[in-house]
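Please look at the sequence and the structure first.

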Amino acid sequence: MAVRSSESARFIREADLPGVEALHATFVQHRYPPHIHQDVTIACVERGAATFELEGRSYVAPAGTIFLIPPQAVHTGRSATDAGYTYRVLYLEPERLAARFGRATLQYRWRSGSTVFRHRDLIAALERMHTAVSTPRATLEQGEALAAVARLLDEVLRSQVQPTPHLKHPAVREARGYIHDHWQMDFSLDQLARAVGLSPFYLARSFRSQIGMPPSAYRRALRVEAAKKLLRAGEPPVSVAASCGFYDQAHLTRHFKRVTGVTPARYASASLAL
């Protein structure tokens with residue numbers, strides 16, 4: 001019988017590395033629901049194996065592999081084995097990452113065949129990066145490690161990605177834009193459907209088919225992302241819940257922990273284990 005590891009999760013942020021967040025975690029039973037990140041997600045699996053759904057496709061990332069999740073891509077996550085998995089993740093703000101590449105924006109979409117891959121040099125650079133962010137008074141080393149990760153990641157992106165296509169139905173793209181503009185509001189499906197000129201039934205079916213989650217879950221994912229920013233800025237969870245459209249702090253905590261693996265308070269501390 002496989003040995004079951006205990007679960008733990010720790011977020012790390014450094015003031016001298018704006019736009020960068022690290023997660024060191026072991027998960028056994030925790031399952032990520034469909035969600036999104038505003039950031040580029042680059043994860044290195046150290047033990048066990050993770051499995052996830054990304055834009056309608058299933059992937060398995062065993063130990064020794066890297067997986068990439070682009071911004072705004074709907075995905076899930078869980079252990080592929082009973083023993084769980086250990087991984088370390090970097091979340092990189094797209095605008096700041098693009099600036100490190102000397103570009104205004106990122107224009108990438110991952111091909112299905114390159115979402116999970118092996119890259120010895122990039123794994124080594126990621127290991128140095130995670131060691132640096134965990135080391136006190138290592139600001140220079142952190143910057144150097146991030147520069148190395150960015151250089152290698154740019155090489156991977158240039159060789160393995162293609163331009164992002166438009167969504168199949170333009171009304172779904174419009175609906176997603178409407179949700180981005182009104183994510184704090186308590187609008188109805190009928191209101192959303194009228195805004196894009198579709199019937200509520202057809203919009204709900206098309207949105208879920210093309211995006212990977214229903215409109216309500218997509219709005220909630222944006223609310224969690226907004227909550228993360230406010231918590232990083234030092235806002236208390238009770239006020240964050242009200243600001244981000246959750247009806248109380250317990251509501252925020254329930255959905256926040258499903259997406260991040262930690263409570264809002266622990267996420268705000270950025271140093272405590274689960």
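Cys244 counts as buried, at 1% relative accessibility. Buried means under 20% relative accessible area, exposed over 50%, and partly exposed in between, with a 1.4 Å probe and protein chains only. Cys44 is buried too, with a relative accessible area of 7%. A disulfide is a covalent bond between the sulfur atoms of two cysteines. Here a disulfide is taken as a pair of cysteine sulfur atoms within 2.5 Å, and by this rule the count comes to 0 disulfides.

The model is predicted: local features need pLDDT of at least 70, side-chain atom pairs count only at pLDDT 80 or more, and totals for chains, interfaces and linings use all residues. Residues are numbered from 1 along each chain as its sequence is written, and side-chain values use heavy atoms, with hydrogens and water left out.

**The chain as a whole**

The secondary structure of the protein chain comes to 10 helices and 11 strands. Helices (H or I, at least four residues) and strands (E, at least two) are DSSP runs, numbered from the N terminus. Of the 274 residues in the protein chain, 48% count as buried. The protein chain exposes about 13400 Å², of which carbon and sulfur atoms supply 50%; accessible areas come from the Shrake-Rupley method with a 1.4 Å probe, and for residues only the protein chains shown count as cover. Contact means heavy atoms within 4.5 Å. Among contacts in the protein chain between residues at least 6 apart in sequence, 69% join residues at least 24 apart.

**The cores**

A nonpolar core is a set of buried Ala, Val, Leu, Ile, Met, Phe, Trp, Tyr and Cys residues joined through side-chain atoms within 4.5 Å. The largest one has 55 residues, and Leu23, Phe52, Phe67, Tyr87, Tyr218 and Phe256 touch the most other members. Helix α7 (residues 215–232) gives the most to this core, with 8 residues. A second, separate core of 29 residues includes Leu122, Ala148, Val149 and Leu152.

Which residues does Tyr87 contact, leaving aside its neighbours within four places in sequence? Among them are Leu23, Ala43, Cys44 and Phe67, along with His24 and Glu46.

**Strand β6**

Strand β6 (residues 66–69) is covered on both faces. In a regular strand the side chains alternate between the two faces of the sheet. Ile66 and Leu68 are buried on one side, and Phe67 and Ile69 are buried on the other.

Two strands pair if DSSP finds at least two bridges between them. Strand β4 (residues 40–54) runs antiparallel to β6 and is joined to it by 4 bridges; Phe67 is the bridge partner of Ala43. With strand β10 (residues 116–117), β6 pairs in the antiparallel sense over 2 bridges, and Ile66 stands opposite Phe117.

**Helix α5 and what follows**

In helix α5 (residues 189–196), the buried residues are Leu192, Ala193 and Val196. They lie on the same side of α5, because they cover an arc of only 100 degrees around the axis; the arc is that of the directions from the helix axis to the C-beta atoms. An α-helix has 3.6 residues a turn, so residues three or four places apart point the same way. The buried residues of α5 pack against α4 (170–182), α6 (200–211) and α7.

Just after α5, Gly197 takes a positive phi of about 75 degrees. Pro200 is found in helix α6. Beyond its neighbours within four places in sequence, Pro200 is in contact with Leu189, Asp190 and Ala193. Pro200 and Asp190 are 10 residues apart in sequence and 5.6 Å apart in space, C-alpha to C-alpha.

**Thr260**

Thr260 lies in helix α9 (residues 249–260). Is Thr260 buried or exposed? At 3% relative accessibility, Thr260 counts as buried. Not counting residues up to four places away in sequence, Thr260 touches Phe11, Phe27, Tyr32 and Lys228. His35 is 225 residues from Thr260 in sequence and 9.8 Å from it in space, C-alpha to C-alpha.

**Partly exposed residues**

Glu55 lies in the loop between β4 and β5 (57–62), and its phi is near 50 degrees, a positive value in a residue other than glycine. Gln72 lies in the loop between β6 and β7 (75–79), with a positive phi near 70 degrees. The table lists relative accessible areas.

| Residue | Relative accessible area |
|---|---|
| Glu55 | 39%, partly exposed |
| Gln72 | 22%, partly exposed |
| Pro200 | 28%, partly exposed |
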